[in-house]
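Dear colleague,

Please find below the structure that I am handing over to you.

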Amino acid sequence: MPPLEQLETNLRGLVFDREPAPVPGLDERGRRAYRRQVRRSLMSGVRLAIPIARRVLGEDAVNDWIERWLAERPPTTRAYWRLPLQFAEWLSARDDTPHPAFGELVHWESLEVDVLNAPDDASEHPAPDPTEDRRLVLHPSARLGIYNHPVHKMTLDDAIWPERAPAPIFVLAWRKDDGLRWMETHPQTAQLLARAEGGGTLGAGFAFLDTLYGTVDRAGAFRGAGAPSRSRRDFRLFAALTRFFPQDFSFSFRSHDRRRLYTFRGPCLE
Amino acid sequence: MNPSVNTKKVEGFGLGFRFGLADQMLGAERSAADFVEIAPENYIGVGGRRARLIDAVRERWPIVSHGLCGDFAGGMPFDLDYMRDLRTFLKRIGAQWYSDHLCFTNLRGAEMHELVALPFTDEAVKRAAARIRDVQDFLGMPVAVENVSAYGEMPGAEMTEADFVAEVVRESGGHLLLDVNNVYVNSVNFKFDPRAYIDRLPLDRVLEVHVAGYFQEAPDLLLDTHAMPISDPVYDLFAYAMAKLPHRPPVLLERDGNFPPLAELESELARLDNIAEKVHAAA
């Protein structure tokens, strides 16, 4: 291995591994300083976004999980504000967290950062019509979380682990007036949203739901409220569908820029 | 409606635009800053408040763009997707040049969000120079590399730090962003003469100058935190650099934390301006 490449490998082990790897030729002061500086920068970027998780789990325990993340799957994003979500994505795949709601809470708190920084809606799409086979359009800040615990209702003042919900909770989040807004939504709506993000059409989305649940009431898909007024035409799609609740629900959601794929696991998948 | 871009030439004395200073800077009726510098990684692909801030900034000040994760000498392949996004963003804000740090920011795919020194070797010179040329060609605008603060000497050094920086600038055909604070920090951390260091740099290639404050962690260890006022030795070294430079590049004050009232930063800018004026009056 060329010397520069070898040095990069050694330095990566020094700053990211749980136990600092040796870097032959680098003095002790440099080893200490670089490991501390890099880890401090990355950990701060995550910690700032998850105050409730820190309060409920404790600072040391949260730090320990962030350090595990750094060692097992170091961040790949150049955007500092995306660090919390990368941590949350790694955490969501773990089944050994100290509380089953921990990963969900970190995801929810990270989702807020993601929503607040999501691109603006610069599109000029026509309002979707349930009778036409138009392409579905979502607001760029729309994100979906699926949780077994009502972590979206936790606050700093009420930071105790919630009881597991009787059924998975589907939470749609979006940005309005620079703040986070959210609503609980129906799993079928979530699936429709997933089809939309896949570039599908409204007709294809309903046809997909039909194959799962029988004929879905198309008019019913557009009832309900909770949509942000500015982008109401887009959010009408998210209004509650009120027919069935699937027991074998799996869900994946590609983000607005189609670069990241969120996957969620619920009890129905266990 | 798209806001306009301030096309005034970047010159004089500028401030780093940071979220912690945004309200003060944009709220002030008059600005002591002639230009601002932003980190593109914090704005590419974002909407909401951040996007509106950058729109307001580009209307009011000319902008230069200073990257944090360029990894100029790293081993990762040229990231075409990111570079396209960067180019689009720089065009949108009317950035007049692009700079980043001469260091590792990514280690074998892992982003550090921190700056780690390079080994001063010919292999690193060649790798950095090639990448800088690629970036400059792709972006179609001047690219400058900044000398960084360091806390440990990487193994295998074949030249001094100053010669390493100079070699990279010469071989790449790029420009130098001379960070005076970083020179001073390293002169304490590694016990060398900061003036002799500056003397060895290709000063005719300096596109911009940075000044900032450091934190003294130990008698022999300074950290480049950008969270303190500029220290007197750095003002002195700044005066030396200004006297040596064959031209008057724009000077930027970096403050990334522990934000004081804007007036304090403006008085630091005024002091830098006074020093530069005195130096050039005496020349």
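A polar contact is a pair of N or O atoms within 3.5 Å. In this predicted model, the backbone nitrogen of B:L68 lies 2.8 Å from a polar atom of the B:E41 side chain.

B:E41 sits in the loop that runs between strand 2 (36-38) and helix 2 (48-60) of chain B. This residue is buried but forms no salt bridge. The nearest side chain of opposite charge belongs to A:R78, 5.4 Å away. A salt bridge requires a side-chain nitrogen of Lys or Arg within 4 Å of a carboxyl oxygen of Asp or Glu. Leaving aside residues up to four places away in sequence, B:E41 touches residues of both chains, among them A:R78, A:W81, B:L68 and B:D100.

Regarding the interface, chain A contributes 41 residues and chain B contributes 47. Together they bury about 3700 Å², with 53% of this on carbon and sulfur atoms.

In one of them, B:R108 meets A:E5 at 3.7 Å, N to O. Helix 1 (3-16), helix 2 (28-47) and helix 6 (102-117) of chain A each supply at least two residues of the side that touches chain B; helix 1 gives the most, with 10 residues.

As for chain A itself, it has 9 helices and 5 strands, and 54% of its 270 residues count as buried.

With kind regards

Methods. Residues are numbered from 1 along each chain as its sequence is written. Chains are lettered from A and ligands numbered from 1 in the order in which they are written. This is a predicted model: local features need pLDDT of at least 70, side-chain atom pairs count only at pLDDT 80 or more; totals for chains, interfaces and linings use all residues. Side-chain values use heavy atoms; hydrogens and water are left out. Helices (H or I, at least four residues) and strands (E, at least two) are DSSP runs, numbered from the N terminus. Buried means under 20% relative accessible area, exposed over 50%, partly exposed in between (1.4 Å probe, protein chains only). Lys and Arg count as positive and Asp and Glu as negative; His and the chain ends are not counted. A polar contact is a pair of N or O atoms within 3.5 Å; within protein, one must be able to donate a hydrogen and the other to accept it, and residues adjacent in sequence count only if both atoms are side-chain atoms. Contact means heavy atoms within 4.5 Å. Buried area is the accessible area (1.4 Å probe) that two parts lose on being put together, summed over both.
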